Amino acid sequence: MAFNPRSWMPWSGSDSSTPPPPPSSSSSSPIPPPSGPSPPPSTLPEPTRLRRQLTLLLGGTTFLALSIALTRRTIHRRKLSLVPKYYHPNNRPPTNPPNGALDALEALNLATLNTLSFGMTLVGGGMFAMDVCSLQELRERVHAGMGGKDAAAREAEEEFEEWLASVLARKERKEEVRRMVEREMKEAREKGEGKSGE
């Protein structure tokens, strides 16, 4: 029996630890395939799926370990550069004064590197835990999970459309009132100019 690393996960979907019984040689008729949900045609064989998922997870973990080592080395080097040399007088400025702009740029680079490596590890772990191999597969799974919520989604969408229509109607009424006020003010100014001209 082959080792299956997913056999211990409750959310893996199917119990592949028990192999199907071998076909009996006494019957001459072909055995029909087992009924049940068939996997979608876009799925890959199990070793390929596992390799893809673990590649991102292990790559992210390695990248995270390297970025942490680089960060520790940089911090250690920075601390050592602040210590004066043995014969350097302590009342004089350091030989290599700190540069704020370069320090900030280096800190930004290290923070970006650490964040990206942590994100890569997080995405790889999520792909492995949810048994997802590609973005298309994730879309299909989310769409299938939302299948029971179609009526509620349509109702929410209709409610949003009604709200949006009422907001736009209020806006049109406000613009109409503003135009009427401007027209009346313009007429009042014209009447005022006509009376002052007489």
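Visitor: Where is aspartate 131 found?
Guide: Aspartate 131 sits in the loop between helix 2 (100–130) and helix 3 (135–145), helices being DSSP runs of H or I with at least four residues, numbered from the N terminus. This is a predicted model, where local features need pLDDT of at least 70 and side-chain atom pairs pLDDT 80 or more, while totals for chains, interfaces and linings use all residues. Residues are numbered from 1 along each chain as its sequence is written, and side-chain values use heavy atoms, leaving out hydrogens and water.

Visitor: Why is aspartate 131 called buried?
Guide: Because its relative accessible area is 13%, and buried means under 20% (exposed is over 50%, partly exposed in between; 1.4 Å probe, protein chains only).

Visitor: What makes the pairing of aspartate 131 and glutamine 53 a polar contact?
Guide: Their side chains are joined at 3.3 Å; the term asks for N or O atoms within 3.5 Å, one able to donate a hydrogen and the other to accept it.

Visitor: And leucine 135, why is that residue called exposed?
Guide: Leucine 135, in helix 3, has a relative accessible area of 54%, so it counts as exposed.

Visitor: Which helix gives the largest share of the nonpolar patch?
Guide: Helix 3, with three residues.

Visitor: How many helices and strands does the protein chain have?
Guide: Four helices and zero strands (a strand would be an E run of at least two residues). Along the sequence the pattern reads α-α-α-α.
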